[in-house]
Amino acid sequence: MPGARGEHARRRRGRPQSRHHTLPFGALQEVRDYPCTGCPWRTDSDPSVFSEQEMDMLRRNSGRRGADASLTASAVGCHRDQRGTAHAWRWCAAWLATAGHYHHRVRLLHATDCLPEHCLDPQPGWPALYPDLDALLTARRHQLTQAAYAHCVGPRSPSRR
């Protein structure tokens, strides 16, 4: 069927954006359209609330410029989605927009029109995102250090100034 794939892509672009995208072999995948409140990739969130295990998961599954994620790296789902709910697992919009360019599976799915064209870039109206995983981890370390210092020093009363 010559031109069938191009026809499909044109039809898809003309429809309203949907979070559902068909993957190879008929699997249906959902992608978040917007970084959720509290997303660790948002600069207005507090990444120190995420555990070291969650940060290790991001390290394993997020590539960087000049260092793609390994071929066995998984996609990163939104931290708010939980099993047994209406949205059991959707790919994190901010992770896709920040680290998706450096992930083999994401690039393959994007190249085969299994992920929306817009998902690899922050969209207009989105909150500011950390530019990469290193910036997110640095901000988290800074916040953890500040919290530890505040805990050691304790609150300062006006009379102690």
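# Core, aromatic pairs and salt bridges in a predicted model

Modeller: To begin with one contact in this predicted model, Arg42 and Asp44 form a salt bridge whose closest N and O atoms are 2.9 Å apart.

Colleague: Is Arg42 buried or exposed?

Modeller: Arg42 counts as buried, because its relative accessibility is 11% and the cut-off for buried is under 20%.

Colleague: And Asp44, buried or exposed?

Modeller: Asp44 is exposed, with a relative accessible area of 52%.

Colleague: How many salt bridges does the structure hold?

Modeller: The structure holds six. Another of them joins Glu52 and Arg59, with 3.0 Å between the closest N and O atoms. Both partners are partly exposed: Glu52 has a relative accessibility of 37%, and Arg59 has 32%.

Colleague: Changing topic to α2: which of its residues are buried?

Modeller: The buried residues of α2 are Met55, Leu58 and Asn61. They lie on the same side of the helix, because they cover an arc of only 135° around the axis.

Colleague: Why would residues spaced like that point the same way?

Modeller: An α-helix has 3.6 residues a turn, so residues three or four places apart point the same way.

Colleague: Which residues are exposed on the other side of α2?

Modeller: Gln53 and Arg60 are exposed there.

Colleague: Now the largest nonpolar core. Which members touch the most other members?

Modeller: Trp41, Trp91 and Trp95 do, in a core of 31 residues. Helices α2, α3, α4 and α5 each supply at least two residues of this core.

Colleague: Which element gives the largest share?

Modeller: The largest share comes from α3, with six residues.

Colleague: How many aromatic pairs are there?

Modeller: There are two aromatic pairs. In one, Tyr34 and Trp126 are arranged edge-to-face, 6.3 Å centre to centre with 80° between the planes.

Colleague: Where in the chain do Tyr34 and Trp126 lie?

Modeller: Tyr34 is in the loop between β2 and α2, whereas Trp126 is in the loop between α4 and α5. The two residues are 92 residues apart, and their pair links distant parts of the chain.

Colleague: What is the relative accessible area of Tyr34, and what is the relative accessibility of Trp126?

Modeller: Tyr34 is partly exposed, with a relative accessible area of 40%. Trp126 counts as buried at 14% relative accessibility.

Colleague: Then the pair of Trp91 and Trp95: what is its geometry?

Modeller: The ring centres of Trp91 and Trp95 are 6.4 Å apart and the planes stand at 85°, so this pair is edge-to-face. The cut-off behind that reasoning is an angle over 60 degrees.

Colleague: Are those two tryptophans, Trp91 and Trp95, buried or exposed?

Modeller: Trp91 counts as buried at 2% relative accessibility, and Trp95 is buried with a relative accessible area of 0%.

Technical notes. Residues numbered from 1 in each chain as written. Predicted model: local features only at pLDDT ≥ 70, side-chain atom pairs only at ≥ 80, totals over all residues. Heavy atoms only, no water. Core = buried A, V, L, I, M, F, W, Y, C linked by side-chain atoms within 4.5 Å. Buried < 20%, exposed > 50% of the residue type's maximum accessible area, 1.4 Å probe, protein only. Helix = DSSP H or I, 4+ residues; strand = E, 2+ residues; numbered from the N terminus. Arc of directions from axis to C-beta. Phe/Tyr/Trp six-rings, centres within 6.5 Å; stacked < 30°, edge-to-face > 60°. Salt bridge = Lys/Arg side-chain N within 4 Å of Asp/Glu carboxyl O.
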